[in-house]
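Subject: Handover of a structure and notes on it

Dear colleague,

Please find the structure below. My notes on what was found in it follow directly after.

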Amino acid sequence: MSVADMKLERPAGWNRPPVIEPSGEGELLELAMGPHHPSTHGVFRMDVALDGENVIRLKPVFGYLHRNHEKIAEGASYLASMPYTDRLDYFCSLTNNWAYALAVEKLVGQEVPERAEYIRVILAELTRIQNHAASIGFLIQEMGASGTPLMYAFKEREKILDLFESLTGSRMMCNYMRFGGCRVDVSAPWLDAARKVVAGLSQFVDEFEALLSTNEILMARCQGMGILRPELAVNAGVSGPMLRATGVNYDIRKVDHYGIYDRFQFRVPLGDHGDIYDRYMVRILEMRESIKILEQALPQIPAGPIMDPKAKIRGFRPKPGEAYGRIEAPKGELGFYLISDGGPNPYRYRVRPPSLINLTILEDMCLGHNVADVVLIFGSVDIVLGEVDR
Amino acid sequence: MLEEALLGDGILKGMAETARNFFGSYVSKDRLTTVEYPEQRIPTAENARVFPFLVYDGADWEAGMRCVACQICEKECPPKCIYIEKSADKKPDYVGKAQFYPKRFDIDISVCMSCQICVEVCPFEAIKMDTQFELATTDRFGGLLYDRKELSRSNEYYHEIHPTEATEVDARLAEEKAKLEAKAKAAAEAAAAKAAAAATQPATPAKADSPAPAAPQPSPLSPTDPAKPAGGES
Amino acid sequence: MKTVEEIKAAIETAVPGAGVEFVSNLSPSAQHSLRLSPESAVAVATFLRDDSELAFDFLSNVSGVDWPDKEIAEKVKVTRQVTKTVDGVEQTVEETVDETRKRTEPGYLEAVYHLYSVEKKHGPLVIRLRTLDRGDKTQLPSLTPVWRAAEFQEREVFDLYGIVFTGHPDLRRILMWPEFKDHPMRKDYVDPDDFEYEPTPHDEVLKRAQAHQAAAQPAATAEEGPASA
C-alpha cells in the first residue's frame, strides 16, 4: 500500500465504527465476555450485543488490573520505578526497562556506552522472539488447538528465559536496565549459551511454520477475517505488528534510529490485507528478522564498560524539563512521558501503552462477525492487561 | 493461497511434525522438556534472586551481622517492605570499628517484589538475595513477616548459593580491611616517629611527662611486629 | 521536520486567530511544545493532520497533568507615605520598604498531546491544552474527531483527572468503575483508608486504619446497648 493511497476524503464520522442495524428478528442478546474468561489474555471484559450470532455492538471494559502505577511513580524515585516497569507488559520486561531508561536518558541527556547498547539490542530481540512465539501460541490456542503450538512456543521460550535468569537473576521481572547502561555485565559463558540458543532458533521457527502456516483450518478461519484498513489504523494510533500487517511501513527501530539498530541489516515485514493471517505471518517473519539481528550482534559485541561512569544511581535529580521517549516494543510503540520538577521523584510519569491504543479499533474489526471470530480477532491484537491497565 | 495436491495437506504436514516431536521425546533429551517436579528438580541458576537475607560472619549471628542499620535499603526499597530500628549501643564490625546494629530488621516478603535494589545500594555487603522459593505458610498474618533472626544466614551459606559473588565480596572486604590496617600502621609509625622526635628534645618539667607516656604507646603497634595476614581473623 | 517556531508560524498563517504559544522545554531533550487555545484547538489539529508538509496523522500519546495552585512569595518594594516624628516635628515622609507579598497563582489541568507523522516519518510535536481552573471550568474540546487514537486516552484523562472533553463520542470512566467518585491522579487526592485490607500495615496506613476502626466501634457498642438492655 503506497503512501499516496492513504490520502482520502475525510467525511464526517469516517473514523467512527460503522453502525450496523439489527435484522429485527428477535431481541438483541447482551453478553459480557469476561473478565473471567480463558481467552481474554487477562482480566478483560467485552460487552457484546448480539443479533443471533452477529456482533452488533462491542465495548471493551477494562481496569480490573489497574494498579496505579503512574501515581506510585510520582511518590517513588526514578530508580524505584524501574522494577515496576517490569510488571507493565509482563511478558517483555526488558523492553519495558529499555523504554523507561531511554526516556530518562533523553530527559537528562545521558550517554550510554557501546557495550551496553549491544547488550540492550540482544536482549530486546530475544524478548521480541519469545513474545511473538507466545502470542502466536495463544492465538492458536484460542482457535481450539488445545495448546500444542503453545507448548512448542513455550519450549523455546524456556531456553530464552533461562538465559535471562542467568544474566539478570529473574526469568520475567528482570529489572536490568539502568539510566546510562545495564546493571550486570554479560560474561563469556553467557554469550556462548546465547549463541547456542540463537543457533537453534531458526529451526524452531521452521518447525513452527511447518506446523501452522499451511494448516487449512487456520487459513480458513484467519484469512479475510478482522480486516483493518491502513488509514484507519494510522488514525487510531495503532502501532507494532498490527499496523505493519495492514501495509503501513512504520517501524520505530527504523524511524527513530534509537540505540544502535542502524548498524544491523534487517527488513520490516509488511502485510497485504490487514487480516488475522497477515498479523500472524508478520509476527513469524519478525521472529526471523530478529534472529538475523541477533546473529549480527552477538559476534560484534565490543569490550568496555556497561555503565556510563558519570551516571548516578542514588541521589538522582534531573533538572526541570520533560521528555517523551519511545521504542518498538514487541506489542507496538511503548512510550514514557516524564515531567521533572528538579526533585528526586518525577512530577508526572505517563506510560503510553500499545495494548490499550491497539484496542481502540477492536470494535471496528469485530462488527458483523460471529462471536467465535471475536475471540480470534481479539487474540490477534496481542494485548497484555498489565499494560492496558497499568 | 498455496497449491495443494490434496485438501488437508497442511494439516497432515502439521501432524507429521507433532508425531516427530512425540516419538522423538522418547529418544532424544532435547525433545523432552519437562521434569517431574518435586521428585526431580532443575538446579536454579546461580544468579537467581528470590527474597533478601542478612549475612553474618562467623558462628554467632548477632555478633557477626554485617548490617550497621544505615537504613539506605529501607529508603530505596520501592514497595517499602523493609522496617529497621536502630540500636542505641554499638558493636564492633569486621574491622573492629564500633558500629550501630539493627535492633529490629523486618522484611515483609508478601510485599517484597525481589527487585534486588536493596542489595545494589547496600554499602556494607550486608544484605544479599536468597534462592529459596518454597516458602508457603498457612499463617496469613505474620507468617510472611520475617524478623532479623529468620533473615540471618551465615557467610558459608552465601558461599553455597552464590559462590562467585561471595568470593568476590570476601575479596573486596579483605582488601578494605587490609587497606585500613595499613593506614592504621602508617598512622602508628607516624605517631611513634613524632614521639621519638619529641623525646630527643631538651626535656623541660612540663615536657618531662610527655615522653614517658609516649614511650609505651608505640610498642603494641610497633613496626617490628610481623605484619598480620589479611583476612586472618574471621 | 520544521522547527517548532516554524510550525507555529505555519499554524498562524493557516488558521487565523488561533492562539498559539511557544512553551520551551528546558531539558536536553529539546522537545518544545505549543500551547493552543481551546476555541481553535480542533481547527488547528485538523490543519496539522491534513497539511501536506506537516502531515501529523499519528497521535501517539495523550496525558493529563495536574498543576495545583502555587503560593508565590515575592519581595516587593513598596513606597508609602508615613507620618514620622523628626526632630520633634510631625512630618509626612515617603518611605520605601521591602515587603514580602504572597499571592496564589491559580492552578489548572493540562492535556498534552504527542503527534508524529507516519507519512513523513518525523515527530514528535507536543501540543498542550490548558483548562481555566481545577474546579468547575475544566472543559476542553475533544480531539477524537480528528484522531481516533484519542478516544480511549481522553476517557482516561477524564477518569483520572476530571477534564471534561466536549465532543467526545463516549465520555465515561475507563479504568475506575462507573460509581467511583473523585479523580485519583490529581495531586490533592486522598485515598480512603477503609479501601483494601493490608495484612501488615505500618506508618501512616496503620494510623489511618486505626482511626477508622476507632470511629466504627462506638457505633457498634451503641447499637448493642439498647438491644442488651
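In chain C, helix H2 (residues 41-50) has Ala41(C), Val44(C), Ala45(C), Leu48(C) and Arg49(C) as buried residues. Because these residues cover an arc of only 135 degrees around the axis, they lie on the same side of H2(C). The arc is taken from the directions that run from the helix axis to the C-beta atoms. "Buried" stands for 20 or more other C-beta atoms within 10 Å of the residue's own, with C-beta atoms placed from the backbone (12 or fewer is exposed, and in between is partly exposed). Helices (H or I, at least four residues) and strands (E, at least two) are DSSP runs, numbered from the N terminus. The cover over the buried residues of H2(C) includes helix H1 (4-14), strand E2 (33-36), strand E6 (108-117), strand E7 (122-130) and strand E8 (139-141) of chain C.

This is a predicted model, in which local features need pLDDT of at least 70 and side-chain atom pairs count only at pLDDT 80 or more, while totals for chains, interfaces and linings use all residues. Residues are numbered from 1 along each chain as its sequence is written, and chains are lettered from A and ligands numbered from 1 in the order in which they are written.

Beyond its neighbours within four places in sequence, Ala103(A) is in contact (C-beta atoms, placed from the backbone, within 7 Å) with Ala323(A), Tyr324(A), Gly325(A), Phe336(A) and Leu338(A).

Between chains A and C, 37 residues of chain A are in contact with 29 residues of chain C. Elements of chain A that each supply at least two residues of the side touching chain C include helix H3 (93-108), strand E6 (321-329) and strand E7 (332-340).

Chain B contains eight helices and eight strands, and buried residues make up 20% of its 234 residues. Three of its strands form an open sheet in the order E6-E1-E8, with mixed pairing; strands pair if DSSP finds at least two bridges between them. Strand E6 (127-129) and strand E8 (152-154) of chain B are the edge strands. Strand E1 (residues 52-56) of chain B pairs with E6(B) in the antiparallel sense over three bridges, and Phe53(B) stands opposite Lys128(B) in E6(B).

Yours sincerely

Technical notes: Contact = placed C-beta atoms within 7 Å.
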